[in-house]
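Please read this briefing with the sequence and the model at hand. It goes through strands, a helix and domains in turn.

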Amino acid sequence: MTKPKIATTWLEACAGCHMSFLDIDERIVDLLDAVELTSTPITDIKEIPQVDVGVISGALGNEEELHIALKMRKQCKILIAWGDCAVFGGINCMRNFMDASEVLKEGYKNGVSTVNPEGIIPGGDVPALLPKAIPIDYKVKVDVYVPGCPPDPDTILYVFQEILQGRIPKVPVDMMRYD
Amino acid sequence: MSEITLIIDGKTCKGLQGDTILEVARRNDTYIPTLCYLKGLSPSGACRMCVVEVEGSNKLLTSCTTPAQDGMVVSTKTDKLFNYRKQILELLFAGRNHFCMFCSQSGDCELQTLAIEHGMDSVRYPYLYHDFENDATSADLQMDHNRCILCGRCIRMCAEKVGAHTLDLKERGWSASVIADLGEMMGDSETCINCGACAQVCPTGTITIREFVYRGRRHDCDEVVESICPMCSVGCEIKCYVRTRSLARVEGSNTEGPDGGQLCHKGRWWLPESTERERLSVPMIREGSTFREASWDEALTKAALKMKDAWGKSKAGAILSGIQTDEELTFYSDVFKNTLNLKYIDCFSGDVLRGFKKGFQPFVEQGVHPFTAAHNILESDMILTIEADPQDEAPVVASYIRVATIHKEAKLANICDCTTPFKGITDVDIRSDRKEIRKVLLQLVKAVSEGSEITGNLKLNTLARMLEKAEKPVLILGGKLADEAANITAATNLAIASRAFFADGLGIVPMVRSGNSLAAINTVLGEEAWLETADIDCLYVSSTGLVPESPQSLEAMSMARFCIVQTPFMVHPLVNMADILLPAPAWYERSGHFCTIEGERRRLNVIVRPKKDLKGLSEIFNTITDKMGISIASSEVRPCENIFTTQVPPEKAQMAVLEEV
């Protein structure tokens, strides 16, 4: 029997959710006996193959992230949203109080520590910002939500174990956190 | 009140006529989630978390505002209700910017707790991403409107319990927000008294206290110790959150009592801040203009020598703080009064306490309790403040006065040599020179008891008529009035003339600052003032370091030839006076009892254990007296709450004879 395949990706977020995944420590050995990690920031495989379980950490903030999210949804059977950024938008939403163009001005021109005498704002060859940073379920259907900043390693592992048992889990109340 | 019976979730539940459905449920240990409801405040039904289904009604009813009726069949836990509540929570999250990962209240937040309880793993509604203001203009409080759920607890607390009415709502719907005054920033508010009650009741991270945010969340704390605030004689009950042997935050614990669990700025900020101050940890002996560290034995030997010498010449004295426990004050009384028979013993606020004690004496002799519990101000229909500044002297008393005046329509009058402390709500405001105050009081006594006019002074005459008409007047006597005992007697006569009678005594609330003033009166208060006139060779000073000493007492201390100062903190200029410095436990390291202005004995508990090298009072004084060659005679000092006993109901009180001025 082939092992179920997992792909994970890290969009607009810090590395916290993947760090928390690695924090399952030695239990990752047992997990890897049961599943195959394909494209992930850990394996550094870029192309997302057809997988059973797809995981997205991070919000959607630009065209590339939207593209990857749509690709992930297409390539997986079950999609998990890891962490507050993917689930609620998280800290990225701080920029939602202004227009995307103003965000770029803040970032590339007006920043206190910014040195940019020509006032150049990069564009064209980098992905364009979406008007707002948004939770992933604004654009793709999510099957399992795992909030937390980051979610506890135990919760991440619990969700995988439940899926391996053939269930689509909901994070239980005693495991749920938003911070 | 008659009993009613309801069926809640299939269980027979007893309640009282007048209860709401929520109250009956809570009486019967049935949990209904709430957010805007807070026991002690008026229910508002704003958040709709507490909705229940009632048989016969096709609407969902808010249990916090719906009166329970006999025979009602109520469901609190159906799937329909659970889903509605979850939906409400999601809408709250979508409406503002609730992002827990950078909120200082995460873990202490009621909104977060309920969302988790309802399994909210995502929000089905689009976020508004509306940019709300973060008002950081107040030095102590922060108000982040992004996290506000408009429950209105802060507004109700500020209005109903503190009486400040600083907070209110502006605009409607999505744009509604809590404001100070008429749209001022918190830091610019003229009415905010900085008590922090709004932050204490805020269920989310909207109103927070900077100091506490820095010191740690409630759920990070190791223990919660119940104690009493020693900062004034109101003696508010407090909860102290302790984190790694440090006081992280202080909250009022009497939330269902008349004060609603409020604290004033002294309790809320001064208490936790005191734990950060520089401590005196070892005995020190003066050497020229500086101090050197000394062993306990050396310091106490020297102290005993100086004390014995001065005692032999009748030139020894002691000044003690009234912010100490009954037990400590009784012990001091044993040492200095019963054993050493010192003529010169007193407490820091001696002049004020002596004024009150002597002024009340004629009534105490009649067996009348000459004052009433401060919260009885809430029952009064006419309040007269005389030379008082309650907002400074005992701020929670000021809250009672504002609440009685604004919410219960009591009249408020003031006689004082400066402007009224209650601007805007004072009905009659009379300026009087402090030297003239007794004359004014005597005029009022005459006018009220005889029903006669005071000619030539319209305001005074109006006040006399108000007192005459009032059903239950109460007089608030400021510390300044106690300059002369006869002023206190005259004011008490006015209370009797105005029939200011309460169940527990005469309608008088004296403003005494030290937390254990009643016990100080009963133990270490001197018969006469001596500090500024006596020739002292050796003076023992015990200070808690919580309240600055008055310039007069400092000057008098500096006149003593040798000064032994025992204090927990390196408080200047007090330590500058010392020849020997002895470390003492701080207020949070002590335990014992305080007697409040309410006449109750309340317990001060050890919040943080003292370090090993601190010595207790009895050990120190047993050593000193041993070295002096005497032993301490213990006495039976009456418990402080019995000093002013009520043998005679206040209605029987007779006015005391006073000389005409």
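**A hairpin and its neighbours**

B:V51 stands opposite B:T62, which belongs to strand 4 of chain B. This is a predicted model, in which local features need pLDDT of at least 70 and side-chain atom pairs count only at pLDDT 80 or more, while totals for chains, interfaces and linings use all residues. Residues are numbered from 1 along each chain as its sequence is written, and chains are lettered from A and ligands numbered from 1 in the order in which they are written.

- Strand 3 (residues 51-54) and strand 4 (residues 60-62) of chain B are antiparallel partners over three bridges; strands are DSSP runs (E, at least two residues), helices are runs of H or I with at least four, and both are numbered from the N terminus.
- Two strands count as paired if DSSP finds at least two bridges between them.
- Five residues lie between strand 3 and strand 4 of chain B in this hairpin, and B:G56 in the turn has a positive phi of about 95°.
- Strand 3 of chain B is also joined by two bridges to the antiparallel strand 5 (residues 73-75) of chain B, where B:V74 is the bridge partner of B:V54.

*The seven-stranded sheet*

- In chain B, seven strands form an open sheet of mixed pairing, in the order 15-14-27-26-25-16-17.
- Strand 15 (290-293) and strand 17 (344-347) of chain B are the edge strands, each pairing on one side only.
- Strand 16 (residues 316-320) and strand 25 (residues 538-542) of chain B run parallel and are joined by five bridges, with B:I319 facing its bridge partner B:V541 in strand 25.

*Helix 14*

- The buried residues of helix 14 of chain B are B:L460, B:L463, B:A464, B:M466 and B:L467, where buried means that 20 or more other C-beta atoms, placed from the backbone, lie within 10 Å of the residue's own, exposed means 12 or fewer, and partly exposed is in between.
- Seen down the axis of helix 14 of chain B, these buried residues fall within an arc of 160°, so they line one face of the helix; the arc is that of the directions from the helix axis to the C-beta atoms.
- On the other side of helix 14 of chain B, B:L458 and B:K469 are exposed.

*Domains*

- The domain assignment of chain B, which is automatic or from a database, gives domain 1 (3-77), domain 2 (124-274), domain 3 (284-351 + 516-589 + 613-642) and domain 4 (353-513).
- The centres of domain 1 and domain 2 of chain B, taken over C-alpha atoms, are separated by 28 Å.
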